Amino acid sequence: MEPNFHALRKEFPVLERKTYLNSGSYCALAHDVRAAFEAYMEDRLLVGANWDVWVTKNESVRALTARLLHAAPDEIAVTASVSAGLNALASALSFLGPRNKVVVSDFEFPTNAQIWHAQEPRGARVVHVPRAADGYIPVENFAKAIDDQTLLVAITHVCFRNGAKLDIPGIVRLARAKGAMVLLDCYQAVGSIDIDVKALDVDFAAGGMLKYLLGTAGIGFLYVRDAFTKSLVPTNSGWFAQAQITAMDITANRPAPNARRFEAGTPAVVNCYAAEAGLKFLLAVGTPAIEKRNYALTGRCMQKLEEIGWPSITPSQNERRGATVAVPSRNSGGLSAELMKRDIVTSHRDDNIRASFHFYNNDDDVDTFIAAMKELRGSFSPL
């Protein structure tokens, strides 16, 4: 049975005042998530230090994230950010042998390139896979870069610049044929489409809670395939990464036997409250239904952009796009500001305006955006 999306809109008060098309930057705030923040404040006022509850919240986020990704809780590290998770992973890898290449794409968010370039003094060789003439990066381009010297293929799921989705199964097959590991940065995808890390056969996956997962900033996750949770030992560590957190042992590093070894210090407690509420809300709606709705909304938006003569640069095929529609502009920042004056919340990257949809959007949001874009075309469409 399809969720009642009309009723679900009422859970996001910003939608009463704004056409909110910015979930790829920061999600709309749900009543449940706001209540979770307030619950944390109440706990602080009534109890003060409530560590038993706080640790339980952190473990709840771990279990819910595992459910979302179709993984096991022991394969999930709850991190402060994607950067924290990737730095922990990088610290566990060796680049001293002949297999020292890290393959990234030109679609990456800065984090998933900068961190691997930061390993170059440790012996890493970072190779970028370029776009083709049409702006997309086909599997054939990855085939030219992935070889027997490749240690890791670190790729985004959906590009934050243009909304394009890479062919992850095809890239994974290439990596497997050469014995390379695969890291999936799914920040711009998770929560907007259904993701099964086991079906995708990736070794690692990283994301955060502030976009399509309905939570907040300052908390993320790192999925680590069970086969690597004991064989990889991060040198970026902390007391919550230890096998016995309460041991307070200062004589040695004794990492947890599961993905918690990729964590570090004290959890971001208030963020756990928000992330737990957001994940529960999202899972109750169901990511398969969310994926279907997002494809319908983005497809409608792209079709109407074509009709007004201002087409998107986002690939039209479902298998090649996420929940963001990117539209080129001669002044994307100015266009975003003009849309905001009309109570339409978007974002911009490079020379593109980004309209990022989620299940709480509807056809009226699409039509409002298109009407404004038609009005502004003369001033902001590409020359």
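**Briefing on a predicted model**

Asn-294 has its place in helix α10, which runs over residues 287–307.

- Is Asn-294 buried or exposed? Asn-294 counts as buried because its relative accessible area is 2%, under the 20% cut-off used for that term.
- The side chain of Asn-294 reaches the backbone oxygen of Ser-192 at a distance of 3.0 Å.
- When neighbours within four places in sequence are left aside, the residues in contact with Asn-294 are Ser-192, Ala-323, Phe-357, His-358 and Phe-359.

**The sheet and the helices packed on it**

- Seven strands form an open sheet with mixed pairing, and their order is β2-β8-β7-β6-β5-β3-β4.
- At the edges of this sheet are β2 (76–79) and β4 (125–129), each of which pairs on one side only.
- From one strand to the next, the twist averages 20 degrees.
- Within the sheet, strand β5 (residues 150–156) pairs with strand β6 (residues 181–185) in the parallel sense over five bridges, and Val-182 in β6 is the bridge partner of Val-153.
- Helix α3 (residues 51–69) packs on the sheet, where it touches β2 and β8 (220–224), and the direction of α3 makes about 125 degrees with that of β2.
- Helix α4 (residues 82–92) also packs on the sheet, touching β2, β6, β7 (204–208) and β8, and the direction of α4 makes about 155 degrees with that of β7.

**Helix α11 and its cover**

- In helix α11 (residues 332–341), the buried residues are Ser-332, Gly-334, Leu-335, Ser-336 and Leu-339.
- The cover over these buried residues of α11 includes β10 (344–345), β11 (347–349), β12 (352–356) and α12.

**Helix α12**

- Helix α12 comprises 18 residues (363–380) and spans 24 Å from its first C-alpha to its last, which is close to the 26 Å expected at 1.5 Å a residue.
- The N-terminal end of α12 is capped by Asn-362, of which a side-chain oxygen lies 3.1 Å from the backbone nitrogen of Asp-364.
- Buried positions in α12 are Asp-365, Val-366, Phe-369, Ile-370, Ala-372, Met-373, Leu-376 and Phe-380.

Key:
Residues are numbered from 1 along each chain as its sequence is written. This is a predicted model: local features need pLDDT of at least 70, side-chain atom pairs count only at pLDDT 80 or more; totals for chains, interfaces and linings use all residues. Side-chain values use heavy atoms; hydrogens and water are left out. Helices (H or I, at least four residues) and strands (E, at least two) are DSSP runs, numbered from the N terminus. The expected span of a helix is 1.5 Å times one less than its number of residues. Buried means under 20% relative accessible area, exposed over 50%, partly exposed in between (1.4 Å probe, protein chains only). A polar contact is a pair of N or O atoms within 3.5 Å; within protein, one must be able to donate a hydrogen and the other to accept it, and residues adjacent in sequence count only if both atoms are side-chain atoms. Contact means heavy atoms within 4.5 Å. Two strands pair if DSSP finds at least two bridges between them. Axes are lines fitted to C-alpha atoms, for helices over the stretch in contact, and angles run from 0 to 180 degrees between N-to-C directions.
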